Amino acid sequence: MKAGTIKQLLLLTDGCSNTGEDPVMMAAFARRRGITVNVIGIVDDIQNGAGLEEINAIATAGGGESRIVKAASLSETVVNVTRQAMTGTIYSIINEELRGILNKETTVESLPPETRSEIAEKVEDISEEAALELLVLTDMSASMKLKLPAVKEALYDLAVTMQSRIGPSSFSLWTFPGKYSAAEERIGWTSDSKKLADSFPHLVSGGITPTGPAIRQSLSSFLEMDEYDEKTI
Amino acid sequence: MKKRYEPIPGDVIRGKWTGHMWRVEREIGRGANGIVYLVTGAIGQAALKFADSASVASETNTLKSLERVRGTSPGPFFIEADDAEKEGRIYPFYIMEYISGPMLHTFMINKKKEWAFVLLIRLLDFLGPLHQASKIMGDLKPENFIVADSSHKIRAVDMGGITKQGRSVKEYTSLYDRAAWQAGTRKAEPSYDLFAVAVLTAALVEKKRTQEALGDVEKLAGIIDSSPVLCLAGPVLKKAIRSEYHDAQLMKKDLLYCITGKKTPTRKRKPKKSSKKWVVFAGAFAIIFVMFLLH
């Protein structure tokens, strides 16, 4: 199998969306366009789960992973989620192929353990060599203020890990709410991990949390990139 | 998050593919990607790990590849992989050898701090063959190792972080992670592991100060210099945290010179065999010497 491009959107937020269209719907839309949506909820207290159901729902609809964590363990979580979602994407492609060849019920898990081990080896190779396009969409509403240093550190960490892979990685950073729109692009596609963390904004931008519209808007970034590719080919 | 199958002591787990039965005795470990239980089956005691299908498959591969390294595995021997079926859901697991003994940090309780060097030597013995097999350990934390017998041989009990050299490290813990200290990349190469063992040694001796210094290697170097125990191996530890060691054997050799109080000799043109013998003697002497100090 030739290594293709894995596209992910990583949403970092601390609560519930409160305006605009349903983020779950937007995540489902992203998934249909081949983009996996992962969500990490950053909370002060893990027991207090307000708005956390939405986090799980967005990730499920987006075919990705979700976690609820405290700011202190954000770095490790961001890396693990990205990695697991990459593996998940590759497995879901394999499952689809299997269903095509065998029957509707077949998944990798219904194969004997020995066969699964062989598949796992291939999956690891692919996830190491595939190109990764990762768009980070960060909630900058007022309540995120104290968590921003942890977010910055986590993004630096993530970029360092992804750049240690064999395959190429590119990153883009979006924040929401934007000044004039639901979300705004802070850093366009770059393969420079330093740029991602260095130009991370320090100021929060407002009280509303338009998660749905923000996802919709940031997705344009992936779609433009595709169009651009087609033109150059 | 995915649903886990959490059996209680006394439960019997039946493997879907082999038909083998495993009776759960107790939980012995819990990590980010799975839970390990002590179980009894027809072959006697073993360790059973539940994890997601992808992790089971990939850890199975790692364990099998380690057995190819040499007759004795630096990790647990792999026994079999299977599935448990409960209420229509499939829960993949694998069975491995049960290694008993204290974890590194438990081992250090009530012992003189100098024991950290014995563990470091043993860790370097562990890493040497692993690196030669083009793999790195990745997640080098005290909880992942067991002091297996009276000769203080160390074996790994969690293989989740083992990564092929040249790739990006699969699993790590911030405190022992080179990138988290902003001292280099997270690329799987011997110097990554050798950085981690140096921090691990520092943490075994000066836990709190090392944790507080996380992110600042210069501070860590300061801790090594100022600690009456760590400074005995100062030059070696500091060289390791600068990622200047690429070979576990060489680091061990330097460490032995260091703690026996001899300066690193300038390399003379000696026939290889005799210099090797000399190292073995120095090693044996150092271990006896350290043990003597501690008793």
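Guide: Let us begin with Leu98(A), which is partly exposed because 17 other C-beta atoms lie within 10 Å. The model is a predicted one. Leu98(A) belongs to helix α3 of chain A.

Visitor: Which residues is Leu98(A) in contact with, leaving aside its neighbours within four places in sequence?

Guide: Leu98(A) is in contact with Thr106(A), Thr107(A) and Val108(A). As for Asp192(A), 94 residues away along the chain, its C-alpha atom and that of Leu98(A) are separated by 37 Å.

Visitor: How does one describe the packing of two helices?

Guide: Two packed helices are described by the angle between their axes and by the distance between those axes. In this model, helix α3 of chain A, residues 74-101, packs with helix α5 of chain A, residues 148-163, at an angle of about 40°, and their axes are 8 Å apart. That angle makes α3(A) oblique to α5(A). The crossing of α3(A) past α5(A) is right-handed.

Visitor: Which residues in α3(A) and α5(A) meet?

Guide: From α3(A) come Leu74(A), Ser75(A), Val78(A), Val79(A) and Thr82(A). They meet Ala150(A), Val151(A), Glu153(A), Ala154(A), Asp157(A), Leu158(A) and Thr161(A) in α5(A). Sorted by class, this contact of α3(A) with α5(A) has seven nonpolar, three polar and two charged residues.

Visitor: How many helices and strands does chain A have, and what pattern does chain A follow along the sequence?

Guide: Chain A has seven helices and six strands. Along the sequence, their pattern is β-α-β-α-β-α-α-β-α-β-β-α-α. The radius of gyration of chain A is 18 Å, close to the 17 Å that the globule rule gives for 233 residues, so chain A is as compact as a globular protein of that length. Its C-alpha trace spans about 50 × 45 × 30 Å along the principal axes of the chain.

Visitor: What share of the residues of chain A count as buried?

Guide: In chain A, 44% of the 233 residues count as buried. As for contacts in chain A with a separation of 6 or more, 77% are between residues 24 or more positions apart.

Visitor: How many residues of chain A are in contact with chain B?

Guide: On the side of chain A there are 23 residues, in contact with 19 residues of chain B. Helices α3, α4 (113-129) and α5 of chain A each supply at least two residues of that side. α4(A) gives the most, with nine residues. By class, the side of chain A that touches chain B has nine nonpolar, six polar and eight charged residues.

Visitor: Let us turn to the backbone. Where is the cis peptide bond?

Guide: The cis peptide bond joins Phe176(A) and Pro177(A), with omega about -5°. Pro177(A) is in the loop between β5 (169-176) and β6 (184-190) of chain A.

Visitor: What is phi of Glu87(B), and is Glu87(B) buried or exposed?

Guide: Phi of Glu87(B) is near 50°, a positive value in a residue other than glycine. Glu87(B) lies in the loop between β5 (78-86) and β6 (89-96) of chain B. It counts as exposed because it has 5 C-beta neighbours inside 10 Å, and the cut-off for exposed is 12 or fewer.

Visitor: Where does Gln182(B) lie?

Guide: Gln182(B) is in the loop between β10 (163-164) and α4 (190-205) of chain B. Phi of Gln182(B) is near 55°, again a positive value in a residue other than glycine. With 13 other C-beta atoms within 10 Å, Gln182(B) is partly exposed.

Key: Residues numbered from 1 in each chain as written. Chains lettered and ligands numbered in written order. Predicted model: local features only at pLDDT ≥ 70, side-chain atom pairs only at ≥ 80, totals over all residues. Axes fitted to C-alpha atoms, helices over the stretch in contact; angles between N-to-C directions. Helix = DSSP H or I, 4+ residues; strand = E, 2+ residues; numbered from the N terminus. Parallel < 35°, antiparallel > 145°, perpendicular 65-115°, else oblique. Left-handed = near helix turned anticlockwise from the far one by under 90°. Contact = placed C-beta atoms within 7 Å. Nonpolar A, V, L, I, M, F, W, Y, C, P; charged D, E, K, R; others polar. Rg over C-alpha atoms; globule rule 2.2 N^0.38 Å. Buried ≥ 20, exposed ≤ 12 C-beta atoms within 10 Å, placed from the backbone.
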